[in-house]
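Me: I'm new to this structure and would like to go through it piece by piece. Could you take me through it?

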Amino acid sequence: MWKLPLLLLLPLECLFASVSYPQGLDGGAAVRLHPEEPDTDRRNIKPFWTGSGLCPPEPRNASGEFLLSKDSLMNLELIASLTNRGIRHVRIHWLLELLGVSEQQGQFRYNFTTLDTFLDHLHNIGLVPGFELMGTPQGYTKEQPAAFWTDLVQQLVERYADRYGVRYISGWRFETWNEPDLRNYNTLNFTLDDYLSYVFAIRRGLDAMSKKYSSLSKTPPRPFPLYGPAGLFKSEAHHPFCWTVMEYCGLNNTAHRSCPFETITFHRKGSGRWASEVLDGGRQLFEELLKRFPNVERLGFANDEADPIASWSTARPFQADVRYAAMLFSIVTQHWSAAAEGDVFGRRLQFLSHDNAFLSYYPYVFEQRTLLARFQMNLTDPPHVQFVAKPVFSVLGMLAKLGPLATPTRFLEGNVSYVVSSDRRMQYLCLLASRSNDSSPLWTKRSYFNVTIPTDRFRTRTRISYLTEALQDGLNDPFRLWQRQGKPAYPTPAQLAAMRALSLPSLLDGGPHIVGAKDGLKIELRLNLRGPWVVSVRVCTEDGAHPGRVHGVRMRTVFRDEVLILWKLSNGKRCIQTYEVWYKPSSARRRWCRINVAEHTPFMFYQHKSSVSSECGGVLGYYKVRAVDLFGRKGPFSVPVYYNPE
């Protein structure tokens, strides 16, 4: 996966400040980019961390009802609203529970109605399924032969390739049964022979469809890879399915396919203390597999449950605040460091996925392992749902702003780490840094973080603009505010508005700031931060692309006087400062007014509640959105869209 060309980037020197700091402040750290000498540390970085996952609750045969519930659909739509596809894949258990199957005269017949509806939603909002071939279709019996699985895969691929196009379907991650060695997942009571028959039947189905579509178009020779075995790989005595299928992958048989997988998926979580436990666990498993089966080195590897600790529903305070955001940042950047430095495991790493797309519930709305806090407002008529973004949601949006080339992760004293990225034309730079003690609090909260960036290294004769955003302990912390509010199960509109005001990254130092690109001029930042923290510094040149036109504006009813507005943007996303959301009531005499004045809106959604005292009162009417970049340049408005909940 990882191609590591050596290109020029601003040389880096990591220094620790030698000045004296006031009492209660940590010494801090400094990052200085120097123009005097060349640096060959810039590598291609692909967003390998953009996967999330979830599991519908019991009963399994109600999975379709859960996934198509308003709560679930809105949760996924908010997840999809992160800029620059901050999350792309959503890996979902029990998808086959949404199917019906019958056998007539030796032919299988399928009812795709429920699955169609759900996959249409994912496609429309820009998400891609991690399609686990897992679950019991209604009408399925274990007596049905292995040919059932081959036929099912062919029917799935053909149906959805016709529905969405081969290019979209080739991005699906078809994966075998999740953790098949565990009894609570092995609901078909597979024997070892049953499991192997199931896996190779799926492989045959995908091979047949790959051959079909490769002959019809210019798609790659193998457009439908298979991922698996999605295993824990614990002791061989208790996990024989995963270890046995790996024996086939270890065979040196090039004439005939012996391994059913292109990418070996596994699950390695931490103990909940250190982010590094995830990388260490993955590397340890990789080395063990390589020792036992040397030929697997040619395959890709992926940890698609790369979480700090198991059990999403267990309430843990660190999962509620900036600590979880900083841990996810560390998990991603530690894996990136392994890849960028040429580590054998890092070179074979294809992707990470985090299981955090679940729906939380009271009284643990913030403390469960989710991206959003969900409030089930059951006392209203009708009942409705309210979501508040957690810091971990925002950090994924910040990671999405990294450029296509990046340095390896740098690790400094004081628990500071950072990555510097840029585009190939040196018209964009993004420095992303974090300080934390992983899941534990920091003893010294305050620290300085100094950044020096010389402007004459940018390939421009025009102006330069820079913007600093941060997530900080206690400041971007809706959980702490909710605690101070008394942990209400049904927050008032004012309480929800106050939580949302703290839920997204904050602008620091009154930015953005515009400067001239002059010889010897430096951008110098001296940040006094409350840890744990995550900081993003973005620098753009004025000759970069202007903001594109916002499109795909859509409204979702939250409640009678409240609406969620979502949209899409095709180009220029990394240099976007904010979005302007405008509203015009239905009355012909009313004018357009901006409804998010003085609100930083870095992602592609905004929740609007009517205010009687406002000139923009009401929710019924027209909405339009435009993007604003770091120079204050405004893109074209989207086409106005009319909203009428009735």
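Me: Which residues does serine 439 touch, not counting residues up to four places away in sequence?
Reply: Serine 439 touches Gly272, Arg273, Phe318, Arg323 and Met327, where contact means heavy atoms within 4.5 Å. This is a predicted model, in which local features need pLDDT of at least 70, side-chain atom pairs count only at pLDDT 80 or more, and totals for chains, interfaces and linings use all residues. Residues are numbered from 1 along each chain as its sequence is written, and side-chain values use heavy atoms, with hydrogens and water left out.

Me: And is serine 439 buried or exposed?
Reply: Serine 439 is buried, at a relative accessible area of 10%; buried means under 20%, exposed over 50% and partly exposed in between, using a 1.4 Å probe and protein chains only.

Me: Where is serine 439 placed?
Reply: The loop between β19 (428-435) and β20 (446-454) holds serine 439, strands being DSSP runs of E with at least two residues, and helices runs of H or I with at least four, numbered from the N terminus.

Me: Changing topic, what is the strand order in the open sheet of 8 strands?
Reply: The order is β8-β5-β4-β13-β12-β11-β10-β9, with parallel pairing, and two strands pair if DSSP finds at least two bridges between them.

Me: Which are the edge strands?
Reply: They are β8 (128-131) and β9 (174-175), each of which pairs on one side only.

Me: Over how many bridges do β12 and β13 pair?
Reply: Strand β12 (residues 300-303) pairs with β13 (residues 349-354) over 3 bridges in the parallel sense, and asparagine 303 has leucine 352 in β13 as its bridge partner.
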